[in-house]
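This report concerns a predicted model and the way in which its parts are packed. Please keep the sequence and the structure in view while reading.

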Amino acid sequence: MSAFQPRVFSGVQPTGNLHLGNYLGAISRFVPLQDQMPSMYCVVDSHAITVWQNPEELTHSTREVTAAYLAAGVDPKKAIIFNQSQVREHTELAWIFNCIARMGWLKRMTQFKDKAGKNAENASVGLFAYPNLMAADILAYRATHVPVGDDQKQHLELTRDIAQKFNNDFAERIKELGLGVANPNPSPESPDELYFPITEPMIAGPATRIMSLRDGSKKMSKSDPSDLSRINLTDDADMIAKKIKKAKTDAEPLPSEVGGLEGRKEADNLVGIYAALSGDSKSKVLADFGGQQFSAFKPALSELAVTKLAPMADEMRRLMDDPQSIEAVLRDGAERASEIAEPILHDVRRILGFLEVRR
Ligand code: AQP
């Protein structure tokens, strides 16, 4: 019996204002992974429409996220880069998962509660079912590894629950059809042959949750009304320096050890950003800057951020001037992605017992 082929899958929504959190928590981590495992990086446009999107802006942002992947160093010869809506299997599998996942599981999702706010009755059904589509994105390729920021942890747990329930509900059928893969972690709750892998979340490093520059208790976010709360990947050097200068801090000097950041959310965030951008640990950053005031630390952070981000912003601008090249990358990616997803959905239809009369 075969084992699951390792495969990385991750995605970013084309909802504008790509920021440092998206870069450090997700996109920057895609680059080394493409040399370690077959990798797929998706621009998740079907997720974006769970809340209203201006159509022209959605098209623009789809190109922009693709440009960010390329500018960050994702190589379309190594990794598959594509936009979700172009591979129909995502939405087909999402419907099947709508019928596997339980209402109670989705009702526990904190991101829905945060995004729908007090107006949940008026939120789209798509926003509620979003985690099922995310599970489908991953499992349409039987992906085994998913690098994301900390905010996606709960959705990845749901993906694991959906895979587990599908594997259990259809265990006999999977075996009968000879479609099973040896369970790498057998347990009394899990059959010895699986169809879907139990995906590994990859949430690690000093930048799994970059916080707002204006409020250390809120995640840096595309939809924050204050542009000063985030560093956009398209910001120029002056804007980056201005935002870091205005970033909220406290009045104390930086501590010399990580323990000293406790209860100092804003300081912790800026040290974390420095660590992630420099590739050093927070301890190393504090060994260098401990005892110094923010008036000394902030210019050093600005210089580092500009050195790392400005060339990427330039490259994104260059790529955005050539939309046809971006679309060629997405077209090729969609074809390669479909070649992987089609046979998987064919298997899934057989497992479910759908009578296929049009092959
Ligand atoms: N602040 C963050 N720190 C670290 N990682 C982050 N990610 C998002 N914000 C941070 C990670 O970026 C990837 C793509 O995110 P997304 O665009 O698909 O979804 P999101 O989490 O909804 O992004 P935003 O920026 O926070 O948008 P809004 O404002 O709409 O809520 C994911 O891997 C995510 O973890």
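## Basis of the report

The model is predicted, so that local features need pLDDT of at least 70 and side-chain atom pairs count only at pLDDT 80 or more, while totals for chains, interfaces and linings use all residues. Residues are numbered from 1 along each chain as its sequence is written, and side-chain values use heavy atoms, with hydrogens and water left out.

Helices (H or I, at least four residues) and strands (E, at least two) are DSSP runs numbered from the N terminus.

Two packed helices are described by the angle between their axes and the distance between the axes. Axes here are lines fitted to C-alpha atoms, for helices over the stretch in contact, and angles run from 0 to 180 degrees between N-to-C directions.

Helix H3 comprises residues 55–72. H3 packs against helix H13 (residues 294–320) at an angle of about 130°, and the two axes are 9 Å apart. H3 and H13 are therefore oblique to each other; angles under 35 degrees count as roughly parallel, over 145 as roughly antiparallel, 65 to 115 as roughly perpendicular and the rest as oblique. The crossing of H3 with H13 is right-handed (a crossing is left-handed if the near helix is turned anticlockwise from the far one by less than a right angle, and right-handed if clockwise). On the H3 side, the residues in contact (heavy atoms within 4.5 Å) are His60, Arg63, Glu64, Ala67, Ala68, Leu70, Ala71 and Ala72, and they meet Met312, Glu315, Met316, Leu319 and Met320 of H13. By class, this contact of H3 with H13 has nine nonpolar, one polar and three charged residues; Ala, Val, Leu, Ile, Met, Phe, Trp, Tyr, Cys and Pro count as nonpolar, Asp, Glu, Lys and Arg as charged, and the others, Gly among them, as polar.

Helix H1 (residues 20–33) also packs against H3, at an angle of about 55° and with the axes 8 Å apart. That angle makes H1 oblique to H3. Tyr23, Ile27, Phe30 and Val31 of H1 make the contact with Ala68, Tyr69 and Ala72 of H3. The contact of H1 with H3 has seven nonpolar, no polar and no charged residues. H1 passes H3 in a right-handed crossing.

## Helices H11 and H13

Helix H11 (residues 265–278) and H13 cross at roughly 35°, and their axes come within 10 Å. This crossing of H11 and H13 is left-handed. H11 contributes Ala267, Leu270, Val271, Ile273, Tyr274, Leu277 and Ser278 to the contact, and among the H13 residues are Phe294, Phe297, Leu301 and Lys308. By class, the contact of H11 with H13 has twelve nonpolar, one polar and two charged residues.

## Two buried helix residues

Glu64 lies in H3 and is buried, with a relative accessible area of 14%; buried means under 20% relative accessible area, exposed over 50% and partly exposed in between (1.4 Å probe, protein chains only). Leaving aside neighbours within four places in sequence, Glu64 is in contact with Leu18, Thr234, Met316 and Met320.

Thr159 is placed in helix H8 (residues 153–169) and counts as buried at 1% relative accessibility. Residues up to four places away in sequence not counted, Thr159 touches Ala135, Ile138, Leu139 and Thr199.

## Aromatic pairs

A pair of aromatic rings is described by the distance of the centres and the angle of the planes. Rings of Phe, Tyr and Trp (its six-membered ring) pair if their centres lie within 6.5 Å; planes under 30 degrees apart count as stacked, over 60 as edge-to-face and the rest as tilted.

The structure holds 13 aromatic pairs. One of them is the tilted pair of Phe166 and Phe170, at 5.0 Å centre to centre with 45° between the planes. Both Phe166 and Phe170 are buried. Phe289 and Phe297 form an edge-to-face pair, at 5.0 Å centre to centre with 75° between the planes. Phe289 is buried at a relative accessible area of 12%, and Phe297 is buried at 0%. Phe97, Phe166, Phe170, Tyr195 and Phe196 form one aromatic cluster.

## Positive phi in two loops

Asn17, although not a glycine, has a positive phi of about 50°. Asn17 is found in the loop between strand E1 (8–12) and H1, and counts as partly exposed at 34% relative accessibility.

Arg142 has a phi near 45°, a positive value in a residue other than glycine. Arg142 lies in the loop between helix H7 (125–139) and strand E4 (145–147), and counts as buried at 19% relative accessibility.
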